[in-house]
Amino acid sequence: MPTSRFSDIVRDVLFQPAIDRVRPSVLEMALVLPPDSVTSLSIDFDKAFIKYTEHPPDANRGFDVGSAVITLPLDPSVPTGRQERMYTEALLISLPTPDFSMPYNVITLTCTLMALFFGSMFNLLTRKFEPVAAKTMIKEIQPTQ
């Protein structure tokens, strides 16, 4: 299958970059495709960290990316005539998922350490230490007859 040059296929390109938390990226291309051709489009992107409040309830599932829209004129000789739209499948992207149980683990560990420290200090401060006489200890050790 012969390959075509980029300038032979792409007639017009419109790219609108995303603004974080405001709008997504938009890429519009006017293409003239030869019959029985196969066209593929790949886009490089950088993964971005999102706020923990922006994660969906099931963050391990991933994030949905909307489908692409392909608009075809029904009559190519009339560019402003009726058009038909085709939609591609939506895409599911897996991003790094934070460990949402981490705050619970930190609180549990901190409370355990505080309880151990408080219990030990309370025990040392409230206990009465009294010396034991040596004769009393010897009597307790000797067996009774």
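Student: Let's start with the rings. How many aromatic pairs does the count come to?

Tutor: One aromatic pair, with ring centres within 6.5 Å as the rule. Keep in mind that this is a predicted model.

Student: How do I read a pair like that?

Tutor: Two values describe a pair of aromatic rings: the distance of the centres and the angle of the planes. Here the partners are Phe118 and Phe122, with 5.9 Å centre to centre and 20 degrees between the planes. The pair counts as stacked because planes under 30 degrees apart get that label.

Student: Where do Phe118 and Phe122 lie?

Tutor: Both belong to helix α2, which covers residues 102–126. Phe118 and Phe122 are four residues apart, about one turn of the helix.

Student: And is Phe118 buried or exposed?

Tutor: Exposed, because its relative accessibility is 56% and the cut-off for that word is over 50%.

Student: On to charges. Which side chains meet in a salt bridge?

Tutor: For this one, look for a side-chain nitrogen of Lys or Arg within 4 Å of a carboxyl oxygen of Asp or Glu. The count is one salt bridge, and its partners are Arg61 and Asp64, at 3.3 Å from N to O. Arg61 is partly exposed at 44% relative accessible area, while Asp64 has 54% and counts as exposed.

Student: Can we zoom in on one member?

Tutor: Take Met29, which sits in strand β2. Met29 is partly exposed because its relative accessibility is 31%, and that falls between the 20% and 50% cut-offs.

Student: How do I read a loop residue, say Ser25?

Tutor: Ask where it sits, then what it touches. Ser25 is in the loop between β1 and β2, and it is partly exposed at 44% relative accessible area. Beyond its neighbours within four places in sequence, Ser25 has contacts with Phe15, Gln16, Pro17 and Ala18. One of these, Phe15, is ten residues away in sequence but 7.5 Å away in space, C-alpha to C-alpha. The Ser25 side chain also reaches the backbone nitrogen of Ala18, at 3.3 Å.

Student: Now zoom out. What is the order of the elements from the N terminus on?

Tutor: The order is α-β-β-β-β-β-β-α-α, with three helices and six strands in the chain.

Student: And what percentage of the residues count as buried?

Tutor: Of the 145 residues, 5% do. The accessible surface of the chain is about 13900 Å², and carbon and sulfur atoms account for 61% of that. As for contacts between residues at least 6 apart in sequence, 33% join residues at least 24 apart.

Conventions: Residues numbered from 1 in each chain as written. Predicted model: local features only at pLDDT ≥ 70, side-chain atom pairs only at ≥ 80, totals over all residues. Heavy atoms only, no water. Phe/Tyr/Trp six-rings, centres within 6.5 Å; stacked < 30°, edge-to-face > 60°. Helix = DSSP H or I, 4+ residues; strand = E, 2+ residues; numbered from the N terminus. Buried < 20%, exposed > 50% of the residue type's maximum accessible area, 1.4 Å probe, protein only. Contact = heavy atoms within 4.5 Å. Areas by Shrake-Rupley, 256 points an atom, 1.4 Å probe, with all protein chains shown as cover. Polar contact = N/O pair within 3.5 Å; in protein donor to acceptor, adjacent residues only side chain to side chain.
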